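I opened the notebook to go through this model one element at a time. My notes follow the viewer below.

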Amino acid sequence: MSGPLLEVADLVKHFPQGHGLFRPGRTVHAVNGVSLTVAPKETLALVGESGSGKTTAGRAVLRLVEPDAGTVRFDGVDVLAADRRAMKALRRRMQIVFQDPYGSLDPRMTVGASVAEGIEIHRLAPKPEIRARVERLLGEVGLEPAAADKYPHQFSGGQRQRIGIARALGVDPAFVVLDEPVSALDVSVQAQVLNLLLDLQRDRGLSYLFIAHDLAVVRQVAHRIAVMYYGRIVEQGGRDEVLERPRHPYTRALLSAVPEPDPAAQRVRIVLPGDPPSPTSPPPGCPFASRCFHPARDGRCAAERPELRPVGPSLVACHHAESTWETPR
Amino acid sequence: MIGSLRGTLTAAWRNPSGRSGLVVLGALIAFALVGPIVLPDPTRIPELGQGATGPSLSHWFGTDHFGRDLLARLATGARISLAIAAIAVALSLSIGTAVGIIAGSFGGAVDRILMRIVDAALALPRLFILLLLLAVWERIPIPALVAVIGATGWFGTSRLVRGEVLRLKHEGFVQAAVALGAGRTRTIFRHLLPNVAGVILVSATLSMGDVILLEAGLSYLGVGIQPPTPSWGVMVFDARNSFTTAPWTLFFPGALVVVTVLATGLVSDALRAAFDPRSA
Amino acid sequence: MTPLLTVDNLRVTFPRAAGPSTPVDGVSFAIDRGERVALVGESGSGKSLTCLALLRLIPNPGVIAPGSSIRLDGTEVLSLEGEALRAIRGGRIGLVFQDPMTSLNPVLTVGYQVREAVTAHRNMSRAEARDRTIALLDEVGIPDPAERADAYPHQLSGGLRQRVMIAIALAGEPDLLVADEPTTALDVTIQAQILELLDRIRARRNMAVLLITHDLGVVAGRTDRVMVMYAGQIIETAPTARLFAAPAHPYTQALLQSMPRLTGPVGRLVSIGGSVPDPTAWPTGCRFHPRCDRRITPCAGEVPPWRAAGPGQEARCWLIEGVAP
């Protein structure tokens with residue numbers, strides 16, 4: 001396998017919050033040292049619940065939010081050091097598709113104008129040829145050419161998501177951040193869009209950073225999986241390794257919480273107590289310690305934060321990742 | 001921008017209340033354009049001054065206490081009041097929109113400084129600032145009056161626009177444009193401005209009414225338009241001594257102010273709906 | 001014994017310039033005391049309007065069409081007015097909405113909001129109401145209920161807010177709890193907590209639950225019976241285990257196949273072509289026929305009748321030969 005297309009190291013993003021006149025500012029630790037790589041034509045799934053920092057991490061990679069620390073290299077280019085011109089060139093190769101199919105299209109622009117935007121910005125085609133390119137892109141995502149003249153509100157959620165994909169493809173990128181691309185869609189439509197994403201990856205050789213919360217969805221598309229909790233990656237590895245031999249207790253809990261449409265295959269349901277710790281006051285030890293059900297958990301968990309380290313073929317951030325154990329009943 | 005100006009107006013016309021507003025505004029503008037040409041000189045005081053007379057066949061809306069034809073004065077007043085309002089509002093909207101968009105899209109120190117200035121300006125009553133200025137500058141020419149009204153009316157608009165921009169900045173379509181490599185200019189003109197147009201329109205009609213009333217108020221206080229030039233405000237001012245004996249001298253200019261403000265409100269509602277492509 | 005709730009030929013119509021639309025078009029079902037029933041459908045299927053209709057909460061300008069009937073314990077809900085109707089809303093039927101953030105008033109403490117629901121249906125002293133409130137908050141698993149009662153909604157996590165919503169729904173001691181996508185806005189680990197809580201409370205109170213959801217995965221193992229809705233109509237009803245083991249209607253089958261799973265083949269999923277039809281123009285005959293890859297001659301023209309497909313299982317499809325019930 002060739003070297004990675006995207007290399008992210010120790011990415012940090014904090015948001016200052018409530019800097020009132022008389023209140024001391026607090027800081028939300030959204031992303032706290034995330035490292036990951038994505039190889040050409042590969043899909044890395046970044047999985048976590050709301051507040052885990054997965055969305056912020058995805059946007060920081062594209063500098064839609066400016067990271068506070070860390071490095072991002074894309075095809076050997078230092079993304080965070082890029083000046084305006086270099087950044088514009090990078091944007092042709094790194095794209096994003098958003099979760100909300102309603103907010104992600106400008107309601108005042110025709111679908112054709114939205115899809116043409118990248119082509120215009122980067123002058124990828126002479127004016128008279130733009131229309132033909134837009135129609136070709138719409139065709140590639142399974143929409144009629146006539147869609148170009150309509151407005152977003154005239155389309156269903158699934159169709160809008162296709163339009164958002166066509167817009168991202170307009171600049172012919174190599175890498176796309178997919179930020180929960182199917183979470184807002186109905187099940188039957190979700191399958192259509194996932195299939196489309198798989199086809200596009202095959203036909204165009206795309207790399208994906210697939211941000212999601214649903215492990216069953218992730219399983220269909222990802223080659224590797226990184227599980228995030230509280231701003232950090234807690235487990236990272238090959239898809240089957242993570243799904244079949246989860247080593248972090250949080251990964252186990254996430255897996256058991258996936259609603260499976262099969263009453264016969266009743267797995268043991270782990271119901272995690274409580275909520276993640278407050279994002280403004282990180283605990284000193286393992287952030288999962290307060291909800292953990294690992295039989296070997298001890299005082300070290302609350303006192304000392306586990307680093308992400310190799311355990312078998314995976315990377316795991318748990319002091320007790322080696323001990324094998326049955327999920328409690 | 002959705003469609004053409006014509007398309008937007010057509011859509012507003014289809015809306016019944018928008019249509020009635022447009023009809024009234026159109027009639028007022030026609031009255032302001034044509035009235036002064038066909039009606040007698042509004043400033044001429046007849047030599048045989050008969051004082052204020054009620055509506056009659058020769059003076060449909062009656063005369064004021066100098067015996068001047070009220071209809072003619074209303075027509076010339078419409079020209080002045082509507083022109084002042086339109087130009088002053090256009091001026092204040094432009095400044096307010098520019099400041100709001102700059103503050104919202106740049107953020108950081110630029111935003112903080114601009115918004116502190118706006119806060120300070122909003123804390124002072126506009127009428128007070130205007131009175132102060134006009135006290136210093138006696139017999140102010142009309143263009144300067146318009147400029148002063150316009151320059152003191154943009155604070156609220158800038159706040160509204162900034163708030164919208166802050167919200168829009170985090171919408172997927174603006175983020176997508178940035179991710180596609182759109183610069184600030186493109187983001188502002190392609191995405192932000194068209195999407196705040198609705199807010200600006202509402203703000204425009206609110207200020208339209210405000211400015212007509214403000215000009216009337218200033219003129220009433222004797223520091224705006226100077227007699228004998230009629231504006232609706234001046235006419236209300238002139239009626240202050242005669243309205244008990246000749247109520248029509250107060251009623252007609254007052255009614256026109258109210259009707260204009262109401263009609264702009266109706267048109268604004270219809271335009272706002274027409275601007276929303278979801279309503280098409 | 002008569003069922004707790006009987007819905008018969010429920011139709012909800014919205015007047016439109018181009019003729020009325022009927023997003024709920026002839027829905028009939030019954031729920032027994034203590035039964036756990038799921039109403040499953042995609043967006044636009046009419047499932048949420050059906051649930052709002054039970055409490056006569058159809059948004060303007062929608063109306064429940066004449067000829068519809070909703071009977072609770074034999075009482076026709078559609079003919080109730082005023083005080084009698086309020087006794088049903090939040091009283092005999094409790095309602096839990098999808099979004100706990102917008103369903104709670106942000107400027108009132110959660111304790112106040114639960115107490116309001118407690119005192120809405122019975123007279124009691126301040127102290128009694130406060131005790132009852134704390135007991136309810138405790139029942140829905142809110143830690144330190146006496147202290148949390150003084151919290152404002154934004155001070156609680158999404159999961160705790162949804163627990164507060166459930167406490168409010170329980171305040172009137174309902175016989176039927178209608179939960180409209182109660183976990184859709186929540187994270188998966190929190191979703192598991194809430195579903196387990198609902199099940200525990202139902203068992204303890206012997207209350208019936210109508211769970212409305214788009215997610216068949218939520219339904220498995222947590223309900224006795226599933227009704228599948230498509231384009232304003234129920235098209236299949238079956239005991240939960242039976243539905244998953246042998247779905248009878250092609251729509252149910254396709255829906256199950258299109259779900260991504262943790263087991264089985266990886267990669268391309270089976271998907272249903274096209275999209276949910278618009279309530280202003282339902283297809284003729286079987287409403288699923290334009291998207292169905294097994295349609296036969298009568299499908300486009302004639303409305304399929306209910307046919308028995310297995311024990312306790314019925315579906316509206318021309319393909320079903322008919323099994324003795």
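In strand 9 of chain C, which residue is the bridge partner of L39(C)? I looked it up, and the partner is I212(C).

**Ground rules.** I am working on a predicted model, where local features need pLDDT of at least 70, side-chain atom pairs count only at pLDDT 80 or more, and totals for chains, interfaces and linings use all residues. Residues are numbered from 1 along each chain as its sequence is written, while chains are lettered from A and ligands numbered from 1 in the order in which they are written.

**Entry 1: strand 3 of chain C.** I started from this strand. Helices (H or I, at least four residues) and strands (E, at least two) are DSSP runs, numbered from the N terminus. Two strands pair if DSSP finds at least two bridges between them. Strand 3 pairs with strand 9 (residues 208-213) of chain C in the parallel sense, over five bridges. Strand 10 (residues 225-230) of chain C also runs parallel to strand 3 (residues 36-40) of chain C, and four bridges join them. There I found V226(C) as the bridge partner of A38(C) in strand 10 of chain C.

Next I checked burial. A residue is buried if 20 or more other C-beta atoms lie within 10 Å of its own, exposed if 12 or fewer, and partly exposed in between, with C-beta atoms placed from the backbone. In strand 3 of chain C, five of the five residues are buried, so the strand is largely enclosed by the rest of the structure. In a regular strand, side chains alternate between the two faces of the sheet. Here R36(C), A38(C) and V40(C) point one way, V37(C) and L39(C) the other way, and all are buried.

Entry 2: I traced the strand order in chain C as 7-8-9-3-10-11-13-12. This is an open sheet of eight strands with mixed pairing. Strand 7 (93-96) and strand 12 (306-310) of chain C stand at the edges with a single partner strand each, so one side of each has no neighbour in the sheet. Neighbouring strands are turned by 20° against each other on average, direction ignored. Axes are lines fitted to C-alpha atoms, for helices over the stretch in contact, and angles run from 0 to 180 degrees between N-to-C directions. Helix 7 (residues 158-170) of chain C lies across strand 7 and strand 8 (176-180) of chain C, at about 165° to strand 7 of chain C.

**Entry 3: chain C as a whole.** I listed eleven helices and 13 strands in chain C. Its radius of gyration is 21 Å, close to the 20 Å that the globule rule gives for 325 residues, so chain C is as compact as a globular protein of that length. The radius is taken over C-alpha atoms, and the rule is 2.2 Å times the number of residues to the power 0.38. The C-alpha trace of chain C spans about 70 × 50 × 45 Å along its principal axes. Of its 325 residues, 49% count as buried.

**Entry 4: who touches whom.** Two residues are in contact if their C-beta atoms, placed from the backbone, lie within 7 Å. Two pairs of chains touch, and the most contacts are between chains A and C. No contact joins chain B and chain C, and their closest C-alpha atoms lie 14 Å apart. Between chains B and A, 19 residues of chain B are in contact with 23 residues of chain A. Helix 8 of chain B gives the most to the side of chain B that touches chain A, with seven residues. That side divides into eleven nonpolar, five polar and three charged residues. Ala, Val, Leu, Ile, Met, Phe, Trp, Tyr, Cys and Pro count as nonpolar, Asp, Glu, Lys and Arg as charged, and the others, Gly among them, as polar.

**Entry 5: helix 3 of chain A.** I ended here. Nine of the eleven residues of helix 3 (residues 111-121) of chain A are buried, so the helix is largely enclosed by the rest of the structure. Its buried residues pack against helix 4 (127-140) and helix 5 (157-169) of chain A, together with helix 8 and helix 9 of chain B. The axes of helix 3 and helix 4 of chain A come within 9 Å and cross at roughly 110°.
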